[in-house]
Amino acid sequence: MMEEKQIWERLEKEIRPGKAAPMGLVGELTPVQPGLSTGVVLTVFAAVLTGITVGGGLTLGSRGMLAMTVAQVMIMGALGVTMMGILGLAAAQGLRPGSKVWVNVRWANVLPLIGFLAIAAMIFPWRWMPETFIANGWGCLREGLYVELASSAGVIWLVRRGYVMHWAGLAGTLGAFCGLTGAALLHVMCPDQEATHLIVWHGGILVGGTLGGLLAGYLLLRGK
Amino acid sequence: MIGYQAAERTAAEQLAAQVYPMLHRFYSSLGEYERADDLAQECWIRLHKARHSYRPPEPVLPWVFAIARHTRVDQFRKRARSSGREVAMAKGVDFAATAAAAEPTVLPLLEQLPSSQKEVLLLLKVTGMSLEEVALATASTVGSVKQKAHRAYETLRRLMGEKS
């Protein structure tokens, strides 16, 4: 049996030599700004999330915030920041080829939804009211989708500054982040802090964002 | 790479002189014998377009080979799509088989390895990157790269034992 070293040496000899670069390979050159750091991506995410939540809360009202207890506000705030961090790391690694893999993109894309559903089910009261369920929820869903569209403008800037290799994964991450901003603003302004409403309608914003992102990624991939 | 980003022609030419042969060697060793030229040039175009996405002082080769791997996957996908629409008029020459027939011992055996193991082995050997750098280029972990290289080596050793 051959030893590892011998196999390596023979492989070294057998690999074909590479061809030299053809003449004129380096064409027109223009200076470019170096790529985005993880810190910049996280800062953009934090700015978009804070801007939309605070700005939306100030202009559209913060009745949801007032309907929550201090503990609920703290837990939901911590959840939002943690999810933003995870999605930011996933987006940063998706925008820079050859960067360190911090989080599994598939997990990062579904984690906000799982976290939100689990926490909402645990810390909010279950008082389902069938007469207002659809009417209230439909309004929330519509507003959440508008917010998602607004926050997508911020993330499109990031995509333009990076180089995307895996469209489906990254678009899912960015979609999940837009969903997170939508759900965060709804949480601040929606007075209906009831578990069923939160899980179905506010959770629906997260699902819509992630699925919308994945669909956009799939279409971009098909178009390439 | 920093000079290349700042549009310095000498830096760009130096980078091309260092990286292009590596890319060509990588593609031709992966069994893309007749397409190595096209792939290397396509990859260079992508590297040029994506040069803003490199961030100093991170290592350059993982960035280069992450894009190189992606170029190959994209081309493979395109070929698969177009070959489904094309009808062969006559049986062509199997360049890969002819090349393989003239090959000495180890390299043809690589064809029997799973694609991911073959790629890891060649990245380690062709580019001289460290385990950490190969992990960055393949978007995986050092442990996974070590495992793939070990499994590839075990398979090669077994195949060579069978052959001898």
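Helix α7(B) is largely enclosed by the rest of the structure, because ten of its 13 residues are buried. A residue is buried if 20 or more other C-beta atoms lie within 10 Å of its own, exposed if 12 or fewer, and partly exposed in between, with C-beta atoms placed from the backbone. Helices (H or I, at least four residues) and strands (E, at least two) are DSSP runs, numbered from the N terminus. This is a predicted model, in which local features need pLDDT of at least 70, side-chain atom pairs count only at pLDDT 80 or more, and totals for chains, interfaces and linings use all residues. Residues are numbered from 1 along each chain as its sequence is written, while chains are lettered from A and ligands numbered from 1 in the order in which they are written.

The buried residues of α7(B) are Gln117(B), Lys118(B), Glu119(B), Val120(B), Leu121(B), Leu122(B), Leu123(B), Leu124(B), Val126(B) and Thr127(B). From its first C-alpha to its last, α7(B) reaches 17 Å, close to the 18 Å expected at 1.5 Å a residue. The expected span is 1.5 Å times one less than the number of residues. Gly128(B) follows α7(B) and has a positive phi, near 75°.

Val120(B) lies in this helix, which covers residues 115-127 of chain B. Val120(B) counts as buried because 27 other C-beta atoms lie within 10 Å. Two residues are in contact if their C-beta atoms, placed from the backbone, lie within 7 Å. Leaving aside neighbours within four places in sequence, Val120(B) is in contact with Val134(B), Thr138(B), Val145(B), Lys148(B), Ala149(B) and Ala152(B). Lys146(B) is 26 residues from Val120(B) along the chain, and their C-alpha atoms are separated by 8.9 Å.

Chain B as a whole has nine helices and zero strands. Of its 164 residues, 39% count as buried. Among contacts in chain B between residues at least 6 apart in sequence, 65% join residues at least 24 apart.

Two loops of chain B hold backbone features. Pro57(B) lies in the loop between α3 (36-49) and α4 (60-85) of chain B. A cis peptide bond joins Pro56(B) to Pro57(B), with omega about 5°. Ala139(B) lies in the loop between α8 (131-137) and α9 (142-163) of chain B. Its phi is positive, about 55°, although Ala139(B) is not a glycine. Ala139(B) is buried, with 21 other C-beta atoms within 10 Å.

In chain A, helix α6 (residues 130-161) has 32 residues. At 1.5 Å a residue it should span 46 Å, and its end C-alpha atoms are 47 Å apart, which agrees. A kink of about 30° in α6(A) is centred on Ala153(A). The bend at a residue is the angle between axes fitted to the seven residues ending there and the seven starting there. Buried residues of α6(A) include Cys140(A), Gly144(A), Val147(A) and Leu158(A).

Gly61(A) sits in the loop between α2 (38-60) and α3 (63-67) of chain A. Gly61(A) is partly exposed, with 14 other C-beta atoms within 10 Å.

The largest nonpolar core has 96 residues. Such a core is a set of buried Ala, Val, Leu, Ile, Met, Phe, Trp, Tyr and Cys residues joined through C-beta atoms within 7 Å. Those with the most contacts inside it are Leu87(A), Ala91(A), Leu180(A), Leu23(B) and Leu123(B). Helix α7 (residues 167-189) of chain A gives the most to this core, with 13 residues. Not counting residues up to four places away in sequence, Leu180(A) touches Leu49(A), Gly80(A), Met83(A), Met84(A), Leu87(A), Pro112(A) and Leu206(A).

Between the chains, 34 residues of chain A are in contact with 45 residues of chain B. The side of chain A that touches chain B has 18 nonpolar, eight polar and eight charged residues. Here Ala, Val, Leu, Ile, Met, Phe, Trp, Tyr, Cys and Pro count as nonpolar, Asp, Glu, Lys and Arg as charged, and the others, Gly among them, as polar.

Confidence is given as pLDDT, the predictor's confidence in each residue, from 0 to 100. Chain A averages 85, and 96% of the residues score at least 70. The mean for chain B is 79, and 82% of its residues reach 70 or more. Over residues 97-104 of chain B the pLDDT is below 50. For the complex, the predictor gives an ipTM of 0.73 and a pTM of 0.78.
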